[in-house]
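Please keep the model in view while reading.

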Amino acid sequence: MNEQQALTPLAAGGLLDRRAFLQRSLSFSVATLVSSEALATPENGREPWMEKPGAPFSNYGEPAAHERHVIRWTMGNDKALGNGVSWTPLQNLEGIFTPNGLHFERHHNGVPQIDPKQHKLLIHGLVNNSLVFTLEDLLRYPMHSCYCFLECGGNSNAAWHSEPIQTAVGYFHGMASCSEWTGIPLKLLLDEAQVKGRAKWLIVEGADASMMQVSIPLDKALDDCLLALYQNGERIRPENGYPMRLIVPGWEGVLNVKWVRRIHLAAQPVMARNETAKYTELLPSGKARQFTYVMEVKSLITQPSFGYKLPQPGIYQITGLAWSGRGKIAKVEVSADGGKTWLEAELQEPVLSKCFTRFRIPWQWQGQEAILQSRATDETGARQPAREHLLAARGQHGYFHYNAIVSWEISAQGEIKHVYA
Amino acid sequence: MCMPKLLLIVGLLWVTQAQAESKVPKLGKPAPKELIARWDYDVFPDGTGLPEGQGTVAQGKLVYQQACQSCHGVEGQGGSADELAGARHGLTDNPPDKTIGTYWPYATTLFDFTRRAMPLDRPGSLSNDQVYAVTAYLLYLNHIITADMQVSAKNLASIAMPNRDGFINVYAHEER
């Protein structure tokens, strides 16, 4: 590919070949735009922080002072401060892993302050051996890592509303985060307890003030569930389940019980409030979908997105995240003309199953109005639906499991709005 | 994406899965019956797990006013927390009205959830009798039982909820 070809839009709206970033011509156009003010420098060439010793060591690092605006947005109930959610600021992040302090939260009644020496895990019910484990015991077990996204079943629920919400992408799609979770395959502990043949379900409960519990099919538990003790290398943070939580790869967030202390093997689901009254999706027929575990294929553009303004026409990188609870992302297509034409984006390696996948594609914006969209397909062939198709299938009152295409409208001035297109 | 260390071991050292599993330390200790009984709060739709106890609608109204009303409002409506009663229309209306009476499939869930999680500001503060009573009151407010009824370990599971058959088990229908 020569430079001329690289800069020839391959789709309407100015999308360029995904390999075009490798071409030198793209970086040139940016260099010519740097103003002389930005290049001002002290006479001796040393910035102030280069003229005195820097700060000393710290026991636990923090984000740069100038990055303190990158935060979770929290929304708690006035009468119950520990009841609510906080969102990951996807618009401010790059790569695929979420910093631990920015992982989304959903708590039903606050973050318990657990003494790890007192905490125990009980496995009982339809097992030959009812067992209790201490944390000290569990730390001696063989461990492995799951690189996987966690997404709340209620993520993106604002998108069911008739009017598109105007807020940053993380603040309505950011109940999704991604980490390396390390811990003990649940199968090892279940085998030790010797599950009886009649058992079909696990009722898993947390040690929080709401004793949050849900039912999980035994098949899934034996397949790939993890009792996680570590998140991105360090012990799990209190708000993410310290000292231990369940990881149920690819399935809705509520099943990934935090602060887990009890696993009850049973022949039937318990029909907990959070699998009947909530986390079920009412259809237009009046029936509701229940046990809708898999988080279906989804993607969204994180840059450029709401809250940014394109300063001038030129070349931009469109980037975002894609994921599927069914496996790997096979491809992500991007459109700059509201879905009339699509071009495949580059998937950044590694592309892992049930994990965030970062996609990128260059775009030449010529100052025209545009609508940016992304559409993911996973390895099973499942493709992210258009919003109108999702609504046609589910109605508008399902609340949970929204995975439709997200659209950003760019005005001629470079302002970005969330639209339904 | 999961990469079991076991598999790596299998690949590198050519040991079998069975051998690898025998390396599990097996440190679980037998769980005392007493501990299980104290910890197990699960109440199943068939009534398994319900503790001894009972309560009337009238008793439940008092419990509700003292322990629930501040957040859930008078008679389960108009509070800061979820509406617990007073649906004015059905599940196919726009917007639909999802409450205990119109949506919840099992009465046992109401007992289970209230006992484990409510009142939100003082979870665990109610006796089993009080939980039965407030369950009775909420079922009454939702027109499921009459004002003179008592709810107990014996009859709760048999109370029929209007939306009992309103759910489609999507997992059971998935191809695997």
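In this predicted model, the C-alpha centres of domain 1 of chain A and domain 2 of chain A lie 28 Å apart. Chain A is divided into domain 1 (120-289) and domain 2 (298-419), with bounds that come from an automatic or database domain assignment.

**Extent of the contact**
- The contact (heavy atoms within 4.5 Å) takes 37 residues from domain 1 of chain A and 32 residues from domain 2 of chain A.
- About 2,900 Å² is buried between the two domains, and carbon and sulfur atoms give 61% of that area, where buried area is the accessible area (1.4 Å probe) that two parts lose on being put together, summed over both.

**Salt bridges**
- Three salt bridges are counted between domain 1 and domain 2 of chain A, each being a side-chain nitrogen of Lys or Arg within 4 Å of a carboxyl oxygen of Asp or Glu.
- A:Lys298 forms a salt bridge with A:Glu151, with 2.7 Å between the closest N and O atoms.

**The side of domain 1 that touches domain 2**
- β6(A) gives the most to this side, with four residues; strands (E, at least two residues) are DSSP runs, numbered from the N terminus.

**Conventions**
- Residues are numbered from 1 along each chain as its sequence is written, and chains are lettered from A in the order in which they are written.
- Local features need pLDDT of at least 70, side-chain atom pairs count only at pLDDT 80 or more, and totals for chains, interfaces and linings use all residues, while side-chain values use heavy atoms, with hydrogens and water left out.
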